[in-house]
Amino acid sequence: MNEAESTPKSDKNQIKIAALLVACIASFFTPFMGSSINIALPTIGADFGADAVLLNWVTNGFLLAAAIFAVPFGRIADIHGMKKIFTYGMTIFTIASLLCALSPNTLSLIGARVLQGIGTAMIFVTGLAIITSVYPPHKRGKAIGINVASVYVGLSLGPVLGGLMTQYLGWRSLFFLMIPFGILVIALVYWKLHDEWAASRGEKFDLVGTILYSLMLFLIMYGFSGLPNISGIVMLILGVAGLLSFIRWEIRTESPVFNVGLFKNMTFAFSSLAALINYSATFAVTLLLSFYLQYVKDLDPQVAGLILVAQPVVMAITAPIAGRMSDRFNARRIAATGMATVTLALFTFVFLDGNTPINSIIIGLAILGLGFGLFSSPNTNVIMGSVERRFYGVASATVSTMRLIGQTMSIGIATLVFALLIGRVQITPEQFPALLESIHLCFIIFTALCFVGIFASLKRDGKKETGNES
């Protein structure tokens, strides 16, 4: 029996609060790290003499590692315990942050970011699953909304605090800041969380499936970033072949690392697809606008960060409200409304030029934040509420994987466009017209993606549904 189920009733509220607190703190500083690094990339590039394509791998390496390891660690957490994997993930993330801060060159920084991504995968897949395990269906949307809001608070403070720290303390200070946060979370876990959650305890771990999954995802994501070179095309073809082999193996094996049968559930399948599309179309926005504001508009990191904060601030306000709404009303329609709002916001950025007023950029970011806040919490609630309890770890891993693959694809699209239109050179004033053209093309692609995502958000099983589909 799950240890949490034997907990005295009087202690359950304390466990819920502690679980939510730990998950929210962890969910705060991992996105903070990402958004602050995006602001710091031009400074890192100048420090190490790195070109725009290599710089993108400081972000892409982190996302790729997190995406590759999310599903395997989701399954490991189901078997061996979510709290245990969460704690190990926090430890790895903290050590990797120290290595990032001490990196002597771009390649070593990318390597440390890969390790940081592995730790992040362990944190993301277990944090949401723990919340889903301790909160009943009628209160789950509110808890998920609070957790999502903590992500957006991290995203909000990232550009502002990251810009200030980069300008006055150097980019390495961003990684040093993560170390006390990591130690704090680990201490809270040992102090407050005494239960363990392992719904699949005793089942076998699918090592073959894990290897196939990791190789397949690596080949697809790395191959995508390598386009249009022949090596990128070859890796993509091998990746697709690996995907077919993975699906075939998972259908036949007794204890799959990823239950592909979950995708027979149209609610789960299309809500996961909607999450993938949403993150593919939005994650690179901060990176693109950071380049635009610092290169084209000639703003310093501090001012650029203050402008970019408009999006996550509105997200942080909207997400908990949308989460509560998804407990009472049709969650899918709320998510689709959010996706449509995101589409509108992305379309406004297609027309950026050197004379675009800063106020217009801030308004566009605020609309984007509103749409993302309306989409994320309800869509996550739909995904987690559409599966049985024993699949919470895999469902949580799916949410994280869709987010991480989407984020990787988003940066990959930007990297591909940069490689085609700018080339592997440092960005100087001579490249500003090509940079602006690259930004335009990226936003056209992202707008088209999100438009398709509206229909994925609305797709359902055909059964009557209310708010929470648990």
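The legends below describe close-up views of a predicted model.

Residues are numbered from 1 along each chain as its sequence is written. Because the model is predicted, local features need pLDDT of at least 70 and side-chain atom pairs count only at pLDDT 80 or more, whereas totals for chains, interfaces and linings use all residues; side-chain values use heavy atoms, without hydrogens and water.

**Figure 1. The largest pocket and its lining.** Rolling a probe the size of a water molecule over the atoms shows where empty space is left. A pocket is an open set of points, on a 1 Å grid over the protein atoms alone, with protein on both sides within 12 Å along at least five of seven lines; a cavity is a set where a 1.4 Å probe fits but cannot get out, and lining residues have an atom within 4 Å of a point. The largest pocket has a volume of about 610 Å³, a volume being the space filled by probe spheres set on grid points that are joined across faces, edges and corners. Its lining holds 26 residues, and Leu243, Phe263, Leu276, Met402 and Ile405 are those nearest the centre. At least two lining residues come from each of helix H7 (207–225), helix H8 (230–252), helix H9 (266–282) and helix H15 (392–421). Helices (H or I, at least four residues) are DSSP runs, numbered from the N terminus. By type, the lining of the largest pocket has 22 nonpolar residues, 4 polar and no charged. Here Ala, Val, Leu, Ile, Met, Phe, Trp, Tyr, Cys and Pro count as nonpolar, Asp, Glu, Lys and Arg as charged, and the others, Gly among them, as polar.

**Figure 2. The second largest cavity.** Ala275, Tyr279, Phe375, Ser376, Asn379, Thr380, Ile383, Val399 and Arg403 form its lining.

**Figure 3. Asn278 and Thr341, two buried residues.** Asn278 is part of helix H9. With a relative accessibility of 0%, Asn278 counts as buried; buried means under 20% relative accessible area, exposed over 50% and partly exposed in between (1.4 Å probe, protein chains only). Apart from neighbours within four places in sequence, Asn278 is in contact with Met339, Val342, Phe372 and Phe375, where contact means heavy atoms within 4.5 Å. Thr341 belongs to helix H13 (residues 331–348) and is buried, at 16% relative accessible area. Not counting residues up to four places away in sequence, Thr341 touches Ile367, Leu370 and Gly371.

**Figure 4. Gly163 in helix H5.** Helix H5 spans residues 137–168 and includes Gly163. Gly163 counts as buried, because its relative accessibility is 0%. Leaving out residues up to four places away in sequence, Gly163 touches Ile39, Gly158, Pro301 and Gln302.

**Figure 5. Asp298 between two helices.** Asp298 sits in the loop between helix H10 (284–296) and helix H11 (301–308). Its relative accessibility is 64%, so Asp298 counts as exposed. Most residues other than glycine have a negative phi. Phi of Asp298 is near 60°, a positive value.

**Figure 6. Aromatic pairs around Phe443.** The structure holds 15 aromatic pairs. Rings of Phe, Tyr and Trp (its six-membered ring) pair if their centres lie within 6.5 Å; planes under 30 degrees apart count as stacked, over 60 as edge-to-face and the rest as tilted. Phe349 and Phe443 form a tilted pair, because the ring centres are 5.2 Å apart and the planes are at 40°. This pair links distant parts of the chain, 94 residues apart: Phe349 is in the loop between H13 and H14, and Phe443 in helix H16 (residues 432–458). Phe349 is buried at 1% relative accessible area, and Phe443 counts as buried at 0%. Phe443 also pairs with Phe446, edge-to-face, at 6.4 Å centre to centre and 90° between the planes. Phe443 and Phe446 are 3 residues apart in helix H16, about one turn of the helix. Phe446 is buried, with a relative accessible area of 0%.
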